[in-house]
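Here are my notes on helix packing and salt bridges. Please read them alongside the coordinates.

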Amino acid sequence: MRKMKIAMSVGAILFVLSSCGRIENPEDDTKVESGIEKIVESDEEPQAAQNTGTAGDSEDQISSDNGDSAAHVAGGEKAETGKENVPEILVGEYEYVSDGGIGRLVIEKISGGYDIFDYESEYSYRFLADSSNIQAVEDNKIYIKYPEQVYADDTADFSYYTLEYNTDEINVYYRKSPQEEAEFLYCAKKKQPDGAKQAEKKEVSDGAPNESVAGQAGNAAFQPSLSDEIAAEISYAEEREKEITEKQKAADTQMDMNITAAEMYQMWDDTLNIVWGLLEANLNEVDMEVLRKEEKEWIAFKDAEVQAAGQECEGGSIQPSVEASRAADLTKARVYELAEYAK
């Protein structure tokens, strides 16, 4: 009896559904199953698309975060990492004046990118950066995020360096964090091959020939004296001084003034080192010992003078310019003093 009641109930349900148009042919099980299959497929496809979209959004978010970090350093515009964007013309060695003597900035092209090394002296370095440390390259600037110290939990303390470059020199700036104002460190000049440098000096000398050399121009075996060699170096420096002075006059911002002041000091310090090398190669040891002692005293005097000049505007944006200008004036005067030893 119970079975009959169930059968009658099922029949009644089928009759109602058929009357309402919900089932066109109750006997056609295939269509019902096919419909279910289609619903399942329809549900899976949007889910897969949704999963794909989520992964893409996540990847875009990571990319955006990294890009925004570089963009913040670079001044607001998103930039690609600089692995392939460092101009190949920058490859080479640059020199600058450091507390340890002559510092070297080296840019090398390697497989997959570039290495940028800053050696403050023969025994110490400021950073040894590879392509993974380059955040961005744009507007003639290379932005470097360098891990100063890495801890056991893979966290790190970073420093931020900006390398502003042109044809033959690079100005280097430093920040402890992206939010800080960049501090000018130094101007590094590209180291020229000896042949190129001598050719450039000869061109300057040809414009204003030394009389003692010109008088013997026909003698191919003529060797210039120590005094003549130093005079040629000074003549070359004086021409460069004129060029830098014009750049100083055209400087529009305090940063530009700081850069050109540092460039002037760098130029005269390079000249002093060249003159010193010529004296060391030509004077006897007794004279050089006297000169070395005098030079140490002069360096201490120069450093004290530069420090005193900077203290007058300590903490101000003009301080680097004041210090570099004072250092340039003192170094230039020292070059002319050393020239007297060749006479």
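1. A salt bridge here is a side-chain nitrogen of Lys or Arg within 4 Å of a carboxyl oxygen of Asp or Glu. Arg 292 and Glu 289 meet that cut-off, with N to O at 2.8 Å. Keep in mind that this is a predicted model.

2. The Arg 292 and Glu 289 pair is local. Both residues lie in helix 7 (residues 285-311). They are three residues apart, about one turn of the helix. Arg 292 counts as partly exposed, at 24% relative accessibility. Glu 289 is partly exposed too, with a relative accessible area of 44%.

3. Glu 305 pairs with Arg 326, and their closest N and O atoms are 2.7 Å apart. Glu 305 is partly exposed, with a relative accessible area of 27%. Arg 326 is likewise partly exposed, and its value is 29%.

4. Some bridges share partners. Glu 169, Arg 240, Glu 243, Lys 247 and Glu 263 are joined in this way into one network. The structure holds 21 salt bridges.

5. Is Arg 126 buried or exposed? Arg 126 has a relative accessible area of 18%, under the 20% cut-off, so it is buried. Its salt-bridge partner is Glu 120, the closest N and O atoms being 3.5 Å apart. Glu 120 is partly exposed, with a relative accessible area of 26%.

6. Now the packing of helix 5 (residues 226-250) and helix 6 (residues 254-282). Their axes are 10 Å apart, and the angle is about 175 degrees. Angles over 145 degrees count as roughly antiparallel, so helix 5 is roughly antiparallel to helix 6.

7. Which residues make this contact? Helix 5 contributes residues including Leu 226, Ile 230, Ala 237, Arg 240, Ile 244 and Lys 247. From helix 6 come, among them, Glu 263, Met 264, Met 267, Trp 268, Ile 274, Val 275 and Leu 278. By class, the contact has 12 nonpolar, five polar and seven charged residues.

8. One link between the points deserves a look. Arg 240 and Lys 247 of helix 5 and Glu 263 of helix 6 are among the contact residues. Arg 240, Lys 247 and Glu 263 are also members of the salt-bridge network.

Key: Residues are numbered from 1 along each chain as its sequence is written. This is a predicted model: local features need pLDDT of at least 70, side-chain atom pairs count only at pLDDT 80 or more; totals for chains, interfaces and linings use all residues. Side-chain values use heavy atoms; hydrogens and water are left out. Axes are lines fitted to C-alpha atoms, for helices over the stretch in contact, and angles run from 0 to 180 degrees between N-to-C directions. Helices (H or I, at least four residues) and strands (E, at least two) are DSSP runs, numbered from the N terminus. Angles under 35 degrees count as roughly parallel, over 145 as roughly antiparallel, 65 to 115 as roughly perpendicular and the rest as oblique. Contact means heavy atoms within 4.5 Å. Ala, Val, Leu, Ile, Met, Phe, Trp, Tyr, Cys and Pro count as nonpolar, Asp, Glu, Lys and Arg as charged, and the others, Gly among them, as polar. Buried means under 20% relative accessible area, exposed over 50%, partly exposed in between (1.4 Å probe, protein chains only).
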